[in-house]
Amino acid sequence: MCRLIYYELAKIWRKRSFVLSVCVLLILNLFLLWYVNCSNSEKVPLSAYKAFQNEIAEMTEADKEDYISNLKEMMDGVCLVQDVLDMQKMQGERGKTLAEQEMTANPGAFEKYYKTYQEGSYLHFTDSIWQEKNFIDELYDEQQKVAGYDEYLQSVQGNKVNLSDISIFGNQNEHSFATRNIEKSAEDYVALSDQNIRWMPSKALSVSMESIWTDLFLILSVFLFAGNLIFEEKEKKLFYITRSTKRGQFQSICAKLAALFVHCVAIAVLLYGCNLIFAEVTIGFGDVTASIQSIAAYMESNLNISILGYIIGSVLTKSVVIFGTGAILTALCIWTDRMFFPYLAGMLLYGGSYLLYLLIPTVGKGSLFKYINLIGFMKTENLYGSYLNFDMGGHPISRLLVSWSIIILLVALGIAASILLFLHGTNFELSKKQSKHQRQFRPHASLLRYESYKIMIMNRALVILLLFSFVIGGRILNQKYNPSVQEQYYQNLMMQLEGELTEQKEALILSEQERYTQAFSEIEKIDGMVSDGEIDESTGEQLKADWYGITFFYPSFQRVMQQYENIQEDGGKFIYDTGYLYFFGRMNDDYLIDLLLFSLCMVIAFGNVMAMEFQSGSWYLLGATKQGRKKIIARKVMVCMMASMVISVIPMICRFVNISSVYPLHELTAAITDIPCYQEFPLAMPVWLFILLLFFAQMASLIAVVIVVLLISYWRKNYIQTVFFAILVLVVPLVLKLLGFEFAGWFSVYPLYSWTTLK
């Protein structure tokens, strides 16, 4: 039997197409795990969690609480300074009044944290005040929740005591669901304590174990395995031979189901193992032997297990669930003679489960169906990390018990159906019936059109190009830009100054300069009074607060003065340049990620363009035709280049639209040298021409990527090898640069693709 199971596994695992499919799923899983957790102006980078985890690694629980509390106090004070300065910027007396009220409500906080705010020393883990604030608030809330775990356990037991006191006076129905639920909750939590609670951030566990994409790829891998398990033998009509052998029936289907189970466990361990490695490298775990309640998101769990135990249990649970699903799918594959039907049924099962989980409210009579479905079972963070009882006839029944009962029933049903259908079924070959309404073939003589159809439709390059277009365009359009108060001041001032220098504009600049000169003079005067002992330091800080509200915007005004001085020396125009700095990659450079995605797209879409003829042996015929090999290769190259040129337009348009909605991109006819950072550019060309050159450079970069992919495809004559070598040559250098190895970028087309970012 073991040899038969091994044969069933090897029959599929040794197929190159299956191995390639699993590798693609694994790469997509890691890519989406990285992509979903990429930082932006609001989302905290994973490196911040890594740095924080390193900080608290050797701390006791009391030290952790003190550390995070001090960070919370500092960030609240810094944000108070930011709010006060924002209020002081408001026109009229209202802003000043609100600022005074805020400072009165928090006495001494402004003076205490103003210097910290000015120095920027509060940024320990992130690059912006709002990211730092969100990060510290998130960790503080988690820590406080876990620190109160003992009180939480006491409250659960206290509810039972209060219920008993109320019942003495006959005010409580002893047979209601609410009463029984309170009593059951107290019993389920009675064995728990806070002895093994060691708080750590929940990010690593949530990133690695709560990915809906990983669950989807698990299910897809089972669809692929179950289909190959049955349909390959049906297609070759092997069942008529194998079923007549000594172990051709009962032992055969048992071996197939056992192989399916081994595959489910192996693929779950592989995918979630990669997730855990990714989380450990980018975020870092704490002590995994601590209780699962050490993670704030899982504090309601009534299970006495460790974090490691939860991880192992979750992976095994997902394995059993997808095995049950795979067994049902296997039964459908045995029953039908149509290849599409089991996959359609599987997609409907997954889609229906997702809709049930998404649409059914958490509380209500129908809440049972929200959790008792494929998606509900796969979400082990709810199954093991929280506590819920279902109301069944007035009796509280644990969700864990109900879920596992349904899972076991699903597995048993799948196994029984597969065995019975295999022993007594009749459909052991695929149907060869064809549609009577097939479209008539219309021959044509255009080689370019033929190669376009073959590459884009038959080779599915069009699907891949569209998929990556949505990913790249969506990523750019979802990028959030939040101008700071200083940036808003700079934008308002530059909107008034844009264009040629006039007397009115010069007067506006000089008046602003005079205002800052006066503010610095007054601050210096107050400092002199403090040093002479005329006033105390606290009074001096209060007197300087209003002037600080003015000088806060001086760095932005210096950008205005830089353009003003350049215009006086060399001529030119005022131009609001922040939007162009984002567009050209001088601020928040996203070109590296764009090129990385484009490179992956070209490798996957066009890696088989040259190899397909070698694999089918067509080159031996095509070389002798009138058109010949050279013309065919030329048409292939032309089709791929045209596709890359079209797709290269997407990020340019999306970026222009998204940035201009926040930072206006005006004065396109102004010289590029009017932007201070491009002052040394050798040609004073218009901004629109500079953008056009950037577009052509990016288009040329993608053409170069396509040519490299096609050359490798022609060299290796194999799609899998082409993908491997193309990723090694085109993608790995970009990944290394993304990880901080700057020199690696020079081994790619990145310098050409993003030449506007070079200084």
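Predicted model: local features only at pLDDT ≥ 70, side-chain atom pairs only at ≥ 80, totals over all residues.
A residue counts as buried when its relative accessible area is under 20%, as exposed when that area is over 50%, and as partly exposed in between. With a relative accessible area of 30%, Val732 is therefore partly exposed, and Ser301, at 0% relative accessibility, is therefore buried.

**Nonpolar core**
- The largest nonpolar core holds 201 residues, among which Phe52, Phe135, Leu205, Phe584 and Phe606 touch the most other members.
- Helix α13, which spans residues 250-282, supplies the largest share of this core, namely 14 residues.
- Leaving aside residues up to four places away in sequence, Leu205 is in contact with Glu210, Phe285, Ile292, Ile295, Tyr298, Ile307, Tyr310 and Ile311.

**Nonpolar surface patch**
- A nonpolar patch on the surface is formed by Phe724, Leu728, Val729, Val732, Leu736, Phe741, Phe743, Trp746, Phe747 and Leu758, which together have about 1000 Å² of accessible area.
- Val732, one of the residues in this patch, lies in helix α33, which runs over residues 719-738.

**Surroundings of Ser301**
- Ser301 sits in the loop between α13 and α14, the latter covering residues 307-335.
- The side chain of Ser301 reaches the backbone nitrogen of Leu303 at a distance of 3.2 Å.
- When residues up to four places away in sequence are not counted, Ser301 touches Tyr149, Tyr189, Leu192, Ile292, Gln293, Tyr384, Gly385 and Ser386.
- Ile292 is listed among the contacts of Leu205 and also among those of Ser301.

Definitions and conventions:
Residues numbered from 1 in each chain as written. Heavy atoms only, no water. Core = buried A, V, L, I, M, F, W, Y, C linked by side-chain atoms within 4.5 Å. Buried < 20%, exposed > 50% of the residue type's maximum accessible area, 1.4 Å probe, protein only. Helix = DSSP H or I, 4+ residues; strand = E, 2+ residues; numbered from the N terminus. Contact = heavy atoms within 4.5 Å. Patch = residues over 30% accessible without salt bridge, like charges linked within 9 Å, V, L, I, M, F, W, Y side chains within 5 Å. Areas by Shrake-Rupley, 256 points an atom, 1.4 Å probe, with all protein chains shown as cover. Salt bridge = Lys/Arg side-chain N within 4 Å of Asp/Glu carboxyl O. Polar contact = N/O pair within 3.5 Å; in protein donor to acceptor, adjacent residues only side chain to side chain.
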